[in-house]
Amino acid sequence: MHRRTWEAQPPALHAGAPIDPECHPTVYKQYQSSVDASGTNPYAPFKSRIDWELAKWAKMRGPGSTAVTELLQIEDLVSLLGLSFKNSRELDQIVDGQLASGRPRFIRRKIIVAGEVFDIFYRDILQCVRALYGDPEFTGILVFTPERHYTDADKTVHVYFDMHTGQWWWDTQKKLEKQKPGATVIPIIISSDKTQLTVFGSKTAYPVYMTLGNLPKDVRRCPSHRGQILLAYLPSTRLEHITSKTVRPRVHTNLFHKCMSLVLKPLIKAGIHGISVTSGDGVTRCGHSIFTMYIGNYPEELQVTCCKNGLCPKCDIPCEDVGSTTDQQRALRDLGKVLDALGRADESATAFSRACREAGIQTVRNPFWQHLPCVNIYRSITPDILHQLYQGVVKHVISWLTTAYGAGEIDARCRRLPLHDGMSPVRLVHAVRAILDFLYLAHYLAHTSDTLGLLRNALEHFHANKSIFIDFGIRAHFRLPKLHSLDHYITSIKLFGTTDNYDTQYTEHLHIDFTKEAYRATNHSDEFPQMMLWLKRHEKILRHNAYVTWRLQHYSSCRTTPDEPQVCPRSPILDPYGAALTRMSVVKWPTVKALRFDAAVNSYGATFIRDALARFVVTYKDPSLTRTEVEHESLRISYPFATLPVFHKIKFILEDAEQLGIMESTHDVLHAGPARQDRQGQPVPARFDTVLVNDGTGGASGVEGYRVGRVRLIFKLTAKAWHTLVPDVIAPGHLAYVEWFTPFTEPDRVHGMYKVSKSCNREKSLLASVIEIRHIRRSCHLLPVAPPSGIFPRDWTSSTVLDKCEHFFVSPFSDMHIMGLVRLV
């Protein structure tokens, strides 16, 4: 994706400079020399493609070692396939002895707590840094220097997206340059979360994951890209042998910090003096590995920062003030005061406990971050949309609304919303709209100074109206740490980039690959050594698969001569006449090959398809005609055909609504199909979606130049039919029969949504037109407006509400793209 931002130079000209002018052999070259010295077999140490593919299936998708062995014992199967192994044990020997994982081995250490021995399994973190940094798959995408981006040439409006666009990297680079010119910052991102191993039972694991801020966020948040490493398994004990319930939490926190200190201790020297790191292209730099962020839920944040329950892990707001007001400029906790208190650990237990209490922390000796360079742990704690918003504030708001209106009424209204992939107190609507705005804005993949202002305003608007829940008797107070945590979102975005750089919902999926699947492969007895062996073998298979792909691509490029054309991968069939802001694809063959006009009226609801198509043909032929002339000329149109090829679906690829070239494309679908039966004979109601149509003046954002329509029919005139109607004009392509809603006016003063109604003529017939589908920007979701009685009729359903209701609000909350398109700036 091509960025459309203005970039500022990094704070130091030599930042990220190589320290060795010579390029070292790449990792794949070194690996090739060890497994295939002759250079003739890209699958080595396996004999052939079939040998390798079967081995990969057995270790990644196979049913188990016993089943694989039984499969290979089928007579003559091994010889017919030319396999290099006869059973699962021999395959494991090849994987263990000849393949390389590219990741360091696990180390096992024992820690004694109150007479009990606990195991910790961890990897050398510096070797993990070198493994990620030097992975050939990341060649060309690693970031070595900080950047500043702006939306304008005058560089007045900042843009934040990836971590290297945040203020933290810029400031850290400047600080390092004073001592180590040419230094390369390597931000270390740590995340942890205790997880359940069994569906029934109490077995748990405590994995710790690590990644680098040098990797783009789309690599870090996708497990299949292997941008995360399982760094450690911490003891997941409940310390039940400690009988005192008041001592047990403090011991548990000290155990956590003891383990993390053991794991992260190498970062102390590496952060100060730097280490040599070689990227996948063989270039060596001096990298300073600096602990930057810790990603976790609220209990994890309290444990990491040594704070007490009910308090904020970032600032020292009093417990009674948490959630009562908003101050998004509130200072962080005084790190100096905390370090002074921790420095008194060698004094008496009473003096140390008093010092920690005065500093607002738990009595913890030697937290893992105490001696790490360039670290402010209260700055390193980042927002968590999953737990703080979805499972926190939004969950609370839903429960408050249910209490205010009743579960039955909420369910009834939800059942009457049309399908899609005003009788409330004003302050309540303001509060709910504000928190929804904050939720969607917090999700943005790219933020500017302007959108951060919207984020700030949304939170202030919620706090200004939240007292309605107290007035209703729903809440007595708002002392909710998760609500207070929203105050720190803007600061974290400015420091470390947008929230998708550090959201726990991306690391939650790592539990499946690194913990749960590994546990299922064990015999459930002394499981952690078995889990690490399973993980090591998986890492080796994945690494060898990447190596084989590289060898095959290299082999293919070597065989292609300059005279031979290179065959490019087949791209999706995109509409060649699509609008600039939207790309679309339609299947090659129609869903209904020949639909009669009367069927279009009766089954699809395209009541005026003949008249609308006639007006379209006349206008397309001569756009300069007046409306009266179009009506007159359309009466002369006669159709030399009786059927139309009809399509039931259009797929859209929506470009970045902010037009920065940073946010990812959004996929959207438009459905327009009649009632039918599924494969089980069950009835499926008709579905005719609503869309935003560009009248030719619509821009990248805002509703000006757009109008809502409901698509009843998607069709295309054959070349022969069009040539008969308009012989000298190029055919327009796919068309749509659209029923119109009224144009956009002003948004509602209470909730800010736009209201539209069905457009009718004097005879109360719906106004409809035939348009080219290239004018459709995207689908949209309409919310029905309650009748004057305030009660929704019970015969309204999700499949009939668009037919029965007359007035609707255009929802800005169906996805992130439409939020950016119709938001109020």
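The structure is a predicted model. A search of the whole structure finds 31 salt bridges. Among the residues discussed below are Arg103, which pairs with Asp135, and Arg712, which pairs with Asp803.

**Arg103 and Asp135**
- The salt bridge between Arg103 and Asp135 has its closest N and O atoms 3.9 Å apart.
- Arg103 sits in the loop between α5 (88-98) and β2 (106-113), and Asp135 in the loop between α6 (125-133) and β4 (148-150), so this pair ties together parts that are 32 residues apart in sequence.
- Both Arg103 and Asp135 are buried.

**Salt bridges of Arg712**
- Glu739 forms a salt bridge with Arg712, with the closest N and O atoms 3.4 Å apart.
- This pair links distant parts of the chain, 27 residues apart: Glu739 is in strand β23 (residues 734-740) and Arg712 in strand β22 (residues 706-716).
- Glu739 is buried at a relative accessible area of 8%, and Arg712 is buried at 10%.
- Arg712 also forms a salt bridge with Asp803, where the closest N and O atoms are 3.0 Å apart.
- Here strand β22, holding Arg712, is linked to helix α29 (residues 801-804), holding Asp803; the two residues are 91 residues apart.
- Asp803 counts as partly exposed, with 38% relative accessibility.

**Salt-bridge network**
- A network of salt bridges links Lys59, Asp92, Asp96 and Arg537.

**Nonpolar surface patch**
- Ile50, Leu80 and Leu81 make a nonpolar surface patch of about 280 Å².
- Leu80 lies in helix α4 (residues 77-81) and is exposed, with a relative accessible area of 70%.

How values were computed
Residues are numbered from 1 along each chain as its sequence is written. This is a predicted model: local features need pLDDT of at least 70, side-chain atom pairs count only at pLDDT 80 or more; totals for chains, interfaces and linings use all residues. Side-chain values use heavy atoms; hydrogens and water are left out. Patches are made of residues with over 30% relative accessible area and no salt bridge: like charges are joined within 9 Å, nonpolar side chains (Val, Leu, Ile, Met, Phe, Trp, Tyr) within 5 Å. Accessible areas come from the Shrake-Rupley method with a 1.4 Å probe; for residues, only the protein chains shown count as cover. A salt bridge is a side-chain nitrogen of Lys or Arg within 4 Å of a carboxyl oxygen of Asp or Glu. Helices (H or I, at least four residues) and strands (E, at least two) are DSSP runs, numbered from the N terminus. Buried means under 20% relative accessible area, exposed over 50%, partly exposed in between (1.4 Å probe, protein chains only).
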